[in-house]
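Here's a quick briefing to read alongside the structure.

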Amino acid sequence: MSTPAAQYVPGQASADGIAARARGLTKAYGSGETTVLALDSVDVDIARGRFTAVMGPSGSGKSTLMHCLAGLDTVSAGQVWLGDTEITGLKERELTRLRRDRIGFMFQSFNLIPTLNAAENITLPMDIAGKKADEKWLDQVIDTLGLRDRLGHRPSQLSGGQQQRVACARALASRPELIFADEPTGNLDSRAGLEVLGFLREAVDQLGQTVVMVTHDPGAAAHSDLVLFLADGRIVDEMERPTAEAVLERMKRFDVSRAPFDGAPGEEAAPGGQAVPGEEAAPAEGTPRDGGIASDGTPGKD
Amino acid sequence: MLKATLRSFLAHKGRLLLSALAVVLSVAFVAGSLIFSDTLSRTFDRLFASTAPDVTVSPKETLKEGVPSGMTATLPAALAERVARVDGVADARADAEVQNITVVDSDNESVGPTTGAPTIGTDWSPDQRSPVELTSGHAPRGPAEALLDSESADRKHVRIGDTLTVIAGPGSFKVRVVGIATFTTTNPGAALLFLDTPTAQQKLLGNPRAATSISVDAAEGVSDAQLKQRVAAAVGANRYEFRTADEQAKSDVDQLGGFLDVIKYVMLGFAGIAVLVGVFLIVNTFSMLIAQRTRELGLLRALGADRRQVRRSVLTEALLLGLVGSTLGLATGIGLAAGLITLMNTFGMNIKSSEMVIGWGTPVAAYVVGVGVTFVAAYLPARRAAGVSPMAALADAEIAGIGRPLRTRAIVGAVVGALGAAALVGCVTASRTASAASLLGLGVVLTLLATVIAGPLLVRPVIRVLGGAFPALFGSVGRMSQRNALRNPRRTGATAAALMVGLALVGGMSVASASMTKSFDQQIDRTLGADYVIQNSNFLPFPEELTDAVRDTPGAGLVVRSRFTPVAVRLPDGDRVETTAAAYDPRLDEVAHITYAQGDTPAALAAGRIAMDRDFARDHGARVGSTVPVEFQGGRTTRLTVGALTDQDSAEGFGTEGGLYFGLATLEKSAPAGQDSALYVNAASGTSDDELRTALERTLDPYPQVQVRDLADYKKLVHDQIAVLLYLVYALLGLAIVIAVLGVVNTLALSVVERTREIGLLRAIGLARRQLRRMIRLESVVIAVFGAVLGLALGLVWGVCIQQVLALQGLTAFAVPWTTIVAVVVGSAVVGVVAALLPALRASRMNVLAAIAHE
């Protein structure tokens, strides 16, 4: 099978292109009375060549959304496409290959294999696939991320920021259709965090990549082109060309709106990792700021 | 604190299971071997005690037989009448019993046991002490009737009325089976043929007035000791051996004792291996458990538990494991003993499992070994646990063992290794067997210890090489598995050590046996010049009529007889050496090639002459022309003159110190009644070898106890004897592998758990399950092969040293069984694959999301 990734040429990404798409994406945990909906019939399109941030309070389902879009998790209902490939219904083996060949990953921590040096970590997905890396592209990525003199170092010899840069390089190395970054700055100090966000920005602007970043940091979200706000398993809002202040403002409203349910405001209001059962009231109160596209979060065009 | 310990013990029971298995195995072997040998010795004690008469009078045995000579020592049967007249004697009977007869059925097949146990011919004198009773037919009367024991009869389908041929020292004769005798006690495995007393004397001893012993019964109120004293006083204390029932039973048990001891020591050897290898497994498990629980232990410390409490909690856990393991091991040991008893029964020994003896020493040994081993093995990890700082609770869990330097290990390993190497060098350069052997033992123990200590230091260099091709062969999967094996050298070293210990022994012993085989082959090639050798495969002598039959075979040219006899020589330096001498017919040169330092075969075999090994002669101040008094069985001494000195690499084997031999005529003059042990036969001119062989085989058809062998067959016979040693090696290997597999499984399972997040990450970025399994399998293989390579390297060094000790015994050839070595390395890779099955499955089943979300 010739994957769309092979046909996809960076820099020529049409803004019309959709890198990933979900329709009616639902993820439920448990069954019967105790069913918890982590994602409640989410429709979302991730535009190609853009930097999309997914924000929401803890337990809003943002990580679950990412896992489902990336083929790491199975869905309870709905469909997910990566490019033209519907990934819902793919077998485990095909999903593994899809992740390997067409998606790049950055996690909050433990991003690198400790026994491999930076260069080996960067090319790992291609090595696993038994493919040769595109040397020119690889050089460009390495230079962009300033890792040239760190290639022989093991992760334990690198700082947290350097480790995330290596993870970023790995995500970029195979020129995937989509890069998922799950709280990539969560474990970094602010300077190193800014650096990593800068690189992700650069990956989109200069290398033509598509990035989806899950974060709860408004400052990080401000680096994106578009912020999707998730609450209680639904996309409740979106914001183009966000600023940190605007995002923060928007997030504050979640706290206020959630306070009556949880009894206390704040990030940890919802029980860890569990989405609040699909309450109709909460999303309704989070009034969309940009013209009522609540659940059909089609991003606007550049 | 105890409650916390118990909880932790139960929480980790899965992990501890493998350690417990190691304890169970060790204890099972210890307990099993003790129960088995106790049962065996109790059985035989009881048998011999119940069958021994109050006092036994037997001929004085002045020399111990190293190699069977075929002589049967006798005393006059009339002595029984003299003894009967002694005050206090109720009854005295002359017995005629020989241990080395062959009984064949009408198809010329032996009815005796196939296990090497003897066929005993004896007189039928049923009394309350007899181990058998007549269960069918009637007692034998006259020269042509016999009883057979029921087990032999059943085994070979012999029925009353059948005719058997008895091949005894004086000659063959036919008997009709008139009855079947059944053991009322345990049968030690022998076959029994009963004749009436005059027939036994005449046909088995060849002398109607001879007996092999006198059984004396005491009159009422006379103790065995009193009786012995009175009988000895009456017939002359110095001329015969006198034994009370107890002494006789003990002497019988001692005779069997060699065999019992061998079984016991082999079993204890297995137990030793199991204990040794088990220790590594336990140390490793506890180290890893503690590494995993660093946070928990830190928390305990932060909450106020002091070091001693933490240490005690770990040791309590070990104690529990030891107790549980010992209890299960004891039970398994009982099962093992029962299995061994069943096995012995299939070999013809009749021991009832219900008579199993479990002495108080067995459970004591079981618990001492089980709890002791666990406790000792857990002590170091416990100390390390106590060293966990309260800060560990707060910090990220660090994988213990990575950071700590290996300097202490390097120093201790180097010192112990140097001592061991020195001992081995000493062994190689030693010139006396005894000192070489003890240096060898010391060197083996020290080098093993050094390798175990320094093992982790060798992990990096060796695995770099072993796994060097992995990245090229298996890409990044190979690279990661190689580096994973290098990740925690301590753990890899300890895991591999289990396999190493077993394979080092295998390596050493296989080199030793290969060298022995090669030495014997060379010796046979060099010395054997006969077309055919006729011999019993257990080297038992055969009667003269067989020799006559061979001589009369058409096509047989020269026939040279060879016999063995126990002798004691008084040498010029004053030493009295008890050994076995050989005796040959004069034309020895035509069937054997002997290298002489001085003199030749005629000079060696001439009347009144003796030949000996040059080095032996030099050590004892003997020269050609020296006269040495040679004492034969029964006390007769003849003065022989040294006629020749040989320059053989070896005496004919073991127990024949000095390589003494003389003419067969000389032996017959001093000690008649011996039997031939081997016949060397050359074809007559005009007869081809094949014709001669066919003719000889026809001649020997009625004598199934001997076989015709040419050079190749003869070598094979020797190889088969050495192969027994090899079977033991393979059994050791099997046990070592079982335990080593447990160890590798253990390590990998824990590593998989530790690397949950890493595995999750790999799966997330696209590592297929198959690739993940391969990664773990390769790691396992590299660990196993590392253990094998280390073990075999050590074993080869030992093998070189063992060979040097053997060389002092004349076995100078050195051979390395490369096919075995290669097979072991390949086998260890297979072991790695097998050990990785479960951990790999577990890793590949791991939920990717749970693994990456694992915080």
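**Where the chains meet**

The contact draws 21 residues from chain A and 20 residues from chain B. Keep in mind that this is a predicted model.

- On the side of chain B that touches chain A, the elements giving two or more residues are α13 (470-487), α21 (756-764) and α24 (848-853) of chain B.
- The top contributor to that side is α13(B), which puts in seven residues.
- By residue type, the side of chain B that touches chain A splits into five charged, five polar and 10 nonpolar.

**Nonpolar cores**

- In soluble globular proteins, nonpolar side chains tend to be buried together.
- The largest nonpolar core here has 237 residues, and the ones touching the most other members are L200(A), V277(B) and A736(B).
- Helix α22 of chain B, running over residues 769-808, is the biggest giver to this core, with 21 residues.
- What does A736(B) touch, once neighbours within four places in sequence are left aside? Its contacts are I273(B), V277(B), L499(B), V501(B), G502(B) and L503(B).
- There's also a second, separate core of 102 residues, with V166(B), L195(B), L660(B) and F662(B) among its members.

**Chain A by itself**

- Chain A has 11 strands and 11 helices.
- Of the 302 residues in chain A, 50% are buried.
- Take the contacts in chain A between residues at least 6 apart in sequence: 74% of them join residues at least 24 apart.

Definitions and conventions:
Residues are numbered from 1 along each chain as its sequence is written. Chains are lettered from A and ligands numbered from 1 in the order in which they are written. This is a predicted model: local features need pLDDT of at least 70, side-chain atom pairs count only at pLDDT 80 or more; totals for chains, interfaces and linings use all residues. Two residues are in contact if their C-beta atoms, placed from the backbone, lie within 7 Å. Helices (H or I, at least four residues) and strands (E, at least two) are DSSP runs, numbered from the N terminus. Ala, Val, Leu, Ile, Met, Phe, Trp, Tyr, Cys and Pro count as nonpolar, Asp, Glu, Lys and Arg as charged, and the others, Gly among them, as polar. A nonpolar core is a set of buried Ala, Val, Leu, Ile, Met, Phe, Trp, Tyr and Cys residues joined through C-beta atoms within 7 Å. A residue is buried if 20 or more other C-beta atoms lie within 10 Å of its own, exposed if 12 or fewer, and partly exposed in between; C-beta atoms are placed from the backbone.
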